[in-house]
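Subject: Structure for your review

Dear colleague,

Please find the structure below, followed by an account of what was found in it. I would be grateful if you could read the two together.

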Amino acid sequence: MSQAALPRGRPRQGAQIAFTALALVIAVGAYVLAGLGKRGQVPITLALYGSIFAVGFAAAALVIRRFAPGADPALFPTAAVLTGLGFATIFRLSGGLAAEQATWVAIGLGAFCITLVLVRDHRQLDAYTYTIGLIGIVLLLLPIVPGIGRTINGARLWVKVGPIGFQPSEIGKVLIVVFLASYLNQKRELLRVATGGVGRLRLPPAKHLMPVLLAWGASLAVLFIQRDLGASLLYFGIFVVMLWVATGRLAYLLLGLLLFALGAGFGYAAFDHVQLRVDVWLHALDPAKVFDVGYGQLAQAQFGMATGGLVGTGLGQGSPGLIPFAPTDFIFAAIGEELGMLGTVGVLLLYVVLVGKGLQAALACPDGFGRLLATGLAAAVALQTFVIVGGVTRVIPLTGVTLPFVSYGGSSLVSNFVLLALLVRVSAGPAPVRPKGGG
Amino acid sequence: MERQIRQLAVALLVLFVVLVAQVSYVQVFAAERLAENPANAKRQLIAEYEVDRGAILAADGRTVLAASRKSAGELRYERRYPFGPLYAHLTGYYSFVYGRSELEQEFNDFLAGTAPQLLRQTFADMVLGRPRRGASIVTTIDPVLQDVAQEALGDLPGGVAAIDPRTGDVLALVANPSYDPNPLSSHDPALVRATWTALNADPDKPLLSRASDELYPPGSTFKIVTAAAALENGYGPDSTWPNPSELDLPDTVETLENFGGATCSGGSEITLAEALRQSCNVVFGEIGLTLGPAALAEQAWAFGFAPTADTGDVPFDIPFQTGVFPDPSYFATRRPAVALSAIGQDNVAANPLQMALVAAAIANGGLEMQPRLVSEVRGADGRVVETYEPEAYSQPMSPENAALLTAMMVDVVESGTGTAAQIPGITVAGKTGTAQHGEGLAPHAWFVSFAPAEDAQVAVAVIVLDGGSLGSDATGGALAAPIAKAVIEAALDR
């Protein structure tokens with residue numbers, strides 16, 4: 001744990017503030033360019049949205065500097081650029097959605113700051129393993145509750161209480177990562193022990209296998225009851241990855257893959273909508289099917305990206321409005337149309353930086369909980385990005401999840417900023433021991 | 001744990017590499033194939049309308065028949081036709097719902113700037129980041145003549161075709177009713193659909209040109225074809241033919257009468273020239289029966305007629321329905337039809353452009369020039385990128401016989417049925433036609449002509465449908481000849 005002993009402190013924050021300023025220039029610049037490209041003039045909302053970004057980014061940068069001085073200087077600015085590019089694309093698609101998204105950016109940045117201020121040391125969270133886990137599971141399953149659950153686009157993901165609708169699974173995702181980090185850190189020695197198995201595939205005793213099977217069951221439940229393919233895949237992926245990292249046992253990874261294959265096979269056999277997703281994936285451009293609704297949507301995303309080509313049509317100058325669900329599921333295709341392959345690869349590289357920095361924070365963290373937490377959070381961002389970008393570009397069947405920080409959507413944006421705050425927190429290292437006590 | 005995190009980092013990086021590979025495949029390597037997908041119509045459309053489409057110009061190179069202008073909407077350029085219906089059947093329309101027609105369709109490669117001849121310029125535009133610009137089409141249409149023809153035809157249903165016999169240049173091509181291509185080419189889908197529905201529901205079929213798309217019995221104007229066949233088969237203008245008051249049609253109890261039921265003047269025998277001057281149905285029926293269907297068909301086909309409506313082979317820059325003269329086998333069991341066909345009835349069919357080609361061939365010493373509507377293509381920089389030279393279509397008559405037939409047609413206008421086309425100081429050659437097309441229906445009035453007879457500069461064919469303003473009293477001489485006269489006068493004034 002030699003890294004923990006390295007001096008951390010203010011010198012890193014100069015870079016962080018410079019990066020954040022650059023992120024602000026990119027975010028506001030993209031949004032102004034989108035306005036110029038679309039209407040030929042600087043957006044009239046510049047003062048309003050510009051100040052939301054300026055004040056929000058500055059506040060976040062200062063909170064990091066004040067409350068997490070040792071934090072990685074690239075984490076927040078990277079997410080900030082993604083948020084800005086997403087906002088510019090949403091603004092370009094719909095002024096109304098941009099107004100909502102700007103509000104959510106403000107709330108998300110607020111949640112980011114509050115999280116950093118409240119959680120002074122990530123190990124604070126380690127004390128509430130089961131409380132957090134319970135809240136996470138409840139949030140995950142909340143949409144099933146009759147009366148408040150809402151089905152949108154075939155998936156039961158939404159909860160509506162009065163006028164406020166939200167996707168509780170988004171914040172549930174973060175809480176479950178926290179729970180798993182805490183739980184697996186405590187149980188990892190137990191789970192490491194292999195007592196039986198076949199050949200070289202050694203497995204731990206059945207009672208310790210239970211969590212794997214339980215998570216598998218929960219994922220299937222999400223798939224069955226909420227019909228949410230993307231989330232189900234994501235939860236299970238995060239769980240298996242964290243289990244493997246915690247125990248160091250490849251058997252869990254293999255078992256996880258096996259269970260995933262079983263679950264996927266069963267899902268395919270049992271559900272029409274899963275079969276449809278697979279068929280759409282394989283035949284989205286088939287002349288005989290391309291005019292059908294589901295196929296056409298995915299095809300339009302391909303057409304948008306193909307129109308963008310290498311350098312794109314320019315912000316505000318393409319027709320990403322032709323892509324269905326462009327502000328949410330297909331925002332990556334909308335970016336591809338107007339910013340081209342340079343833009344999409346750039347976005348992917350930003351995620352590589354984000355995830356890489358997250359894993360770097362995990363490696364640098366002296367405690368097991370922090371390591372697992374950062375690994376889980378980084379893996380969540382990576383897997384979610386892969387699931388949606390892979391779906392949009394037809395690497396895998398499309399399952400509707402948001403593109404972190406980029407897609408339109410309040411629940412997603414706010415919970416991703418909370419996730420980012422936790423990553424920043426882990427990267428900042430343990431809180432200095434103060435006379436008051438604490439750490 | 002540390003090792004697993006590093007392995008995880010590598011695994012996740014692999015996932016991102018897969019995504020980058022796929023993104024470059026979709027956006028670059030497969031981009032062209034995706035752009036051509038049938039479901040990609042909307043983007044193809046947007047790309048199509050990104051182009052500053054070339055103009056369609058009259059022969060003077062200045063009068064704009066169709067041009068693009070910037071549009072405020074999602075589609076960048078909008079097509080405009082400054083003269084509305086006047087040139088609609090020539091330019092066609094350019095609709096994002098219903099596609100293109102006529103020149104807009106036939107010369108789309110040039111107009112849209114995709115023709116290989118334009119590669120140099122479009123490449124330069126691309127390098128300089130300018131929008132792609134299309135080339136302009138210069139037509140052979142004389143805008144003054146087009147105006148005169150339209151004015152002379154007025155609101156009467158029918159068509160006018162004027163051709164330069166020496167080159168085949170189409171100088172004017174007018175048809176009533178026409179339509180305004182502007183609403184069809186607008187960017188308002190509701191307007192486009194409503195206009196399209198109304199135009200297609202219109203029983204008058206305004207989208208089709210009476211001058212070149214539809215077919216009508218040519219009536220007595222076809223006698224110049226029959227006369228040409230007689231001359232080509234050795235019967236001179238002075239050859240004599242029996243001149244009864246009616247002709248017994250073979251195999252039937254029917255008889256063929258002259259127009260008005262009278263006997264042609266000149267005694268019991270009459271010359272070929274005199275029969276044409278008086279437009280004697282009886283005599284031309286005899287001539288047809290004497291020559292036989294094979295000779296008639298051969299002559300008609302040489303002028304550009306075809307055995308059926310879909311086998312015509314006269315090349316033209318826009319769709320052109322050539323005339324129809326049935327295959328000789330058709331007459332094997334229908335002998336009376338030979339006599340009727342010789343006077344342009346039964347299944348013989350034509351339109352003004354076809355008849356103008358016949359007149360032009362006679363006027364041009366028997367050499368029929370291919371009709372030409374487009375003379376050159378000019379790139380957006382004004383450079384001529386393609387020129388279309390006049391081309392011969394056929395030689396349906398010898399020069400000697402063409403001269404003889406010209407003299408016979410001059411007589412028609414000087415002292416026959418076509419006196420209404422006389423122009424002081426100009427020798428006009430012509431032939432009238434009053435074509436029956438159904439019991440109790442007012443006839444179609446025809447006039448086919450060229451002038452000056454000794455050195456023809458223009459050939460004009462006119463049809464006024466369904467008796468025009470004169471109803472059942474309509475004749476080619478009364479109704480169609482004055483229209484042809486007006487066009488000839490204007491053409492020779494130029």
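**Strand pairing in chain B**

Strand 1 (residues 56–57) of chain B runs parallel to strand 6 of chain B, and two bridges join them. Strands here, like helices, are DSSP runs numbered from the N terminus, with at least two residues (E) for a strand and at least four (H or I) for a helix; two strands pair if DSSP finds at least two bridges between them. The model is a predicted one, in which local features need pLDDT of at least 70, side-chain atom pairs count only at pLDDT 80 or more, and totals for chains, interfaces and linings use all residues. Residues are numbered from 1 along each chain as its sequence is written, while chains are lettered from A and ligands numbered from 1 in the order in which they are written.

On its other pairing, strand 6 of chain B meets strand 14 (residues 374–378) of chain B in the antiparallel sense, over four bridges. Ile137(B) of strand 6 stands opposite Ile56(B), and its bridge partner in strand 14 of chain B is Val377(B).

Chain B has 17 helices and 19 strands, and 55% of its 494 residues are buried. Chain A has 15 helices and five strands, and 56% of its 439 residues count as buried.

Chain A has an average pLDDT of 86, and 89% of its residues score at least 70; pLDDT is the predictor's confidence in each residue, from 0 to 100. Residues 1–7 of chain A have a pLDDT below 50, and this stretch makes four contacts in the model beyond near neighbours in sequence. Two residues are in contact if their C-beta atoms, placed from the backbone, lie within 7 Å. Where pLDDT is low, the predicted coordinates should not be read in detail.

Helix 4 (residues 75–93) of chain A is largely enclosed by the rest of the structure, because 19 of its 19 residues are buried.

**Cores**

The largest nonpolar core has 158 residues, and Met242(A), Leu423(A) and Val424(A) have the most contacts inside it. Such a core is a set of buried Ala, Val, Leu, Ile, Met, Phe, Trp, Tyr and Cys residues joined through C-beta atoms within 7 Å. Helix 13 (residues 331–364) of chain A gives the largest share of this core, 18 residues. A second, separate core of 149 residues includes Ala58(B), Ala350(B), Ala453(B) and Ala459(B).

Leaving aside residues up to four places away in sequence, Leu423(A) touches Leu75(A), Gly358(A), Ala361(A), Ala374(A), Leu377(A) and Ala378(A).

**Where the chains meet**

In chain A, 44 residues are in contact with 31 residues of chain B. Helix 9 (229–247), helix 12 (293–308), helix 13 and helix 14 (368–392) of chain A are the elements giving two or more residues to this side of chain A. Helix 13 of chain A provides the largest share, 13 residues.

Yours sincerely

Technical notes
Buried ≥ 20, exposed ≤ 12 C-beta atoms within 10 Å, placed from the backbone.
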